[in-house]
Amino acid sequence: MSKITLKNILAKKKRGAKITVLTAYDYPFASIFDRAGVDIILVGDSLSNVVLGLSSTREVNMDEMIHHARAVRRGVQRAFLIGDMPFDAYQKNPSLAVKNAKRFMKEAGCDAV
């Protein structure tokens with residue numbers, strides 16, 4: 001199968017086709033989801049609670065999100081990969097938001113943020 005792009009996703013939406021989205025935090029699950037044909041894989045800030053054992057999604061930081069997004073990217077060959085910006089990564093000002101979005105794309109290989 002070829003790489004899923006935003007154009008592919010929009011075309012599915014326009015046709016009324018189902019779009020599958022799952023959250024992954026590591027290489028093994030990302031690889032399984034990708035091979036199963038999931039359209040979009042999200043590295044969510046729920047990483048904070050689900051993987052890191054923190055009490056709130058507000059506690060995960062950019063470095064932790066990038067670390068896990070990089071691991072997920074290694075497991076993804078075709079799915080569209082989205083990185084979820086953690087709390088305080090974008091609220092302070094637009095330039096910080098752009099800087100952190102670029103980190104997701106450059107350092108972790110995300111397709112969208």
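Over the ring of which residue does the charged end of R58 sit? The points below take this up, then move on to the core and the salt bridges.

1. **R58 and F87.** The model is predicted. In it, the charged end of R58 sits over the ring of F87. The distance to the centre of that ring is 4.2 Å.

2. **The aromatic pair.** How many aromatic pairs does a search of the whole structure find? The search finds 1. The pair is formed by F29 and F33. Their rings are 5.8 Å apart, centre to centre. The angle between the planes is 50°, and the pair is tilted.

3. Are the two buried or partly exposed? F29 has a relative accessible area of 46% and is partly exposed. F33 has a relative accessibility of 15% and counts as buried. The cut-off for buried is under 20%, so F33 at 15% falls on the buried side.

4. **The largest nonpolar core.** This core has 24 residues. Which of them touch the most other members? They are I41, V72, M85 and F104. The largest share comes from α4, with 5 residues. In soluble globular proteins, nonpolar side chains tend to be buried together.

5. **A nonpolar patch on the surface.** Some nonpolar side chains are found on the surface. V50, V51 and L52 form a patch there. Together they have about 230 Å² of accessible area. V50 lies in helix α3, residues 47–50. V50 has a relative accessibility of 57% and counts as exposed. The cut-off for exposed is over 50%, so V50 at 57% qualifies.

6. **Salt bridges: K3 and D111.** The structure holds 5 salt bridges. Side chains of opposite charge can pair when their charged atoms come close. One of the bridges joins K3 to D111, with the closest N and O atoms 2.8 Å apart. This pair links distant parts of the chain, 108 residues apart. K3 is in the segment before α1 (6–15), and D111 is in the segment after α5. Both ends are partly exposed: K3 at 32% relative accessibility, D111 at 25%.

7. R73 is buried, with a relative accessible area of 18%. Which residues do the shared partners join into one network? The network consists of K3, R73 and D111.

8. **K12 and D39.** K12 forms a salt bridge with D39. The closest N and O atoms are 2.8 Å apart. K12 is in helix α1, while D39 is in the loop between α2 and β2. The two are 27 residues apart, and the pair links distant parts of the chain. Is this pair buried or exposed? Both K12 and D39 are buried.

Conventions
Residues numbered from 1 in each chain as written. Predicted model: local features only at pLDDT ≥ 70, side-chain atom pairs only at ≥ 80, totals over all residues. Heavy atoms only, no water. Phe/Tyr/Trp six-rings, centres within 6.5 Å; stacked < 30°, edge-to-face > 60°. Buried < 20%, exposed > 50% of the residue type's maximum accessible area, 1.4 Å probe, protein only. Lys NZ or Arg CZ within 6 Å of the ring centre and 35° of its normal. Patch = residues over 30% accessible without salt bridge, like charges linked within 9 Å, V, L, I, M, F, W, Y side chains within 5 Å. Areas by Shrake-Rupley, 256 points an atom, 1.4 Å probe, with all protein chains shown as cover. Salt bridge = Lys/Arg side-chain N within 4 Å of Asp/Glu carboxyl O. Helix = DSSP H or I, 4+ residues; strand = E, 2+ residues; numbered from the N terminus. Core = buried A, V, L, I, M, F, W, Y, C linked by side-chain atoms within 4.5 Å.
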